[in-house]
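Visitor: I'd like to know what the labels on this model rest on. Could you walk me through them?

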Amino acid sequence: MLREVTATRYITSLREGGSLPGLVEADDLGTYVMKFTGAGQGRKTLVAEVVCGELARRLGLRVPGLVAIGLDPVIGLGEPDQEVQELLKSSGGLNLGMDFLSRAIGFDSLAHRVSPEEAGKVVWFDALVNNVDRSWRNPNMLVRGGDLWLIDHGATMIWHHNWPGARASAAKPYDASDHALAPFGPDIRAAAEELGPRVTEELLADVVAAIPEEWLRDEPGFDSPDALRRAYAEPLLARAATVHERIRIQDRNQGRDQGRDQGRDQGRIQKGAS
Ligand SMILES: Nc1ncnc2c1ncn2[C@@H]1O[C@H](COP(=O)(O)OP(=O)(O)O)[C@@H](O)[C@H]1O
Ligand SMILES: [Mg+2]
């Protein structure tokens, strides 16, 4: 199980994120980025964060520490923003917290260098969990002191939205052409050789044990939280051995650079207009 803390103060929302994560203080004096059960896809997003975060950490990738945060919506009563009020009201109970990385900046492929070895590990890991949210448009990586940190694993394991089709879905290829680290020559073979054998049944049992039980209750087709835990582990175990053979990276450098330039021009135009 994740360590449990209780939120004591809502500080602010992190507006750059689509799901409106918040910055909160907790009773252990920690500051956490909080993701709410009441947001968008709700608790499945949080389950995905736990499975991927705990798995990545065990494979030696850098991810912020995770906690379960108890929320009494009363702490949001003074919050002037209606949207945030609603979110807090609908998120009583356990939510997800991750260590806030102060002074971290967003990854930018033009400003930061990543070795083929590290890029390979991240792309391989993203293929394993079927992460569709680490593109050059939206890298979901932070950099601090030259180190790369992985965040935002909510849009992974698409099969958990349709369990009966999970096996077929998990057998599909992974297209990494738009991956934020595709331009760094990711050494996927080396990553697969090193990390693949480490994804064992025991390791995955440990990972899924960390999911708070209240996010696993009442899933149609499963008679217990533990049965659902096993369902999370199974496709990952199956993929670990061979997913590297199904990773596709098409060279889209040209389109990517054009896209970026257009984005920049757009930014200049907007700045000039305001
Ligand atoms: N652990 C963290 N430490 C510091 N900043 C973070 C952390 N997690 C998220 N952020 C900031 O909040 C933003 C939104 O978080 P993210 O997990 O990407 O949420 P969303 O699902 O809404 O995209 C990130 O782009 C980043 O700027
Ligand atoms: Mg994000």
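Guide: Let's start with strand pairing: two strands pair if DSSP finds at least two bridges between them. Helices (H or I, at least four residues) and strands (E, at least two) are DSSP runs, numbered from the N terminus. This is a predicted model, where local features need pLDDT of at least 70, side-chain atom pairs count only at pLDDT 80 or more, and totals for chains, interfaces and linings use all residues. Residues are numbered from 1 along each chain as its sequence is written, while chains are lettered from A and ligands numbered from 1 in the order in which they are written.

Visitor: What makes β1 and β4 a pair?

Guide: β1 (residues 4–13) and β4 (residues 66–71) share 3 bridges in the parallel sense, and the cut-off is at least two. V5 stands opposite I69 in β4. β1 is also joined to β2 (residues 22–26), antiparallel, by 5 bridges, with A26 in β2 as the bridge partner of A7.

Visitor: What makes a set of residues a nonpolar core?

Guide: The members are buried Ala, Val, Leu, Ile, Met, Phe, Trp, Tyr and Cys residues joined through C-beta atoms within 7 Å. Buried means that 20 or more other C-beta atoms, placed from the backbone, lie within 10 Å of a residue's own. The largest such core has 68 residues, and V51, I69, V123 and W124 touch the most other members. Helix α1 (residues 43–58) gives the most, 8 residues.

Visitor: How do you know that this core lies between the domains?

Guide: Domain 1 (4–103) and domain 2 (106–256) both give residues to the core, so it lies between them. Those bounds come from an automatic or database domain assignment.

Visitor: What makes the two domains count as touching, and which element gives the largest share on the domain 1 side?

Guide: Contact means C-beta atoms, placed from the backbone, within 7 Å. By that test, 26 residues of domain 1 are in contact with 28 of domain 2. On the domain 1 side, α1 brings the largest share, 15 residues.

Technical notes. Buried ≥ 20, exposed ≤ 12 C-beta atoms within 10 Å, placed from the backbone.
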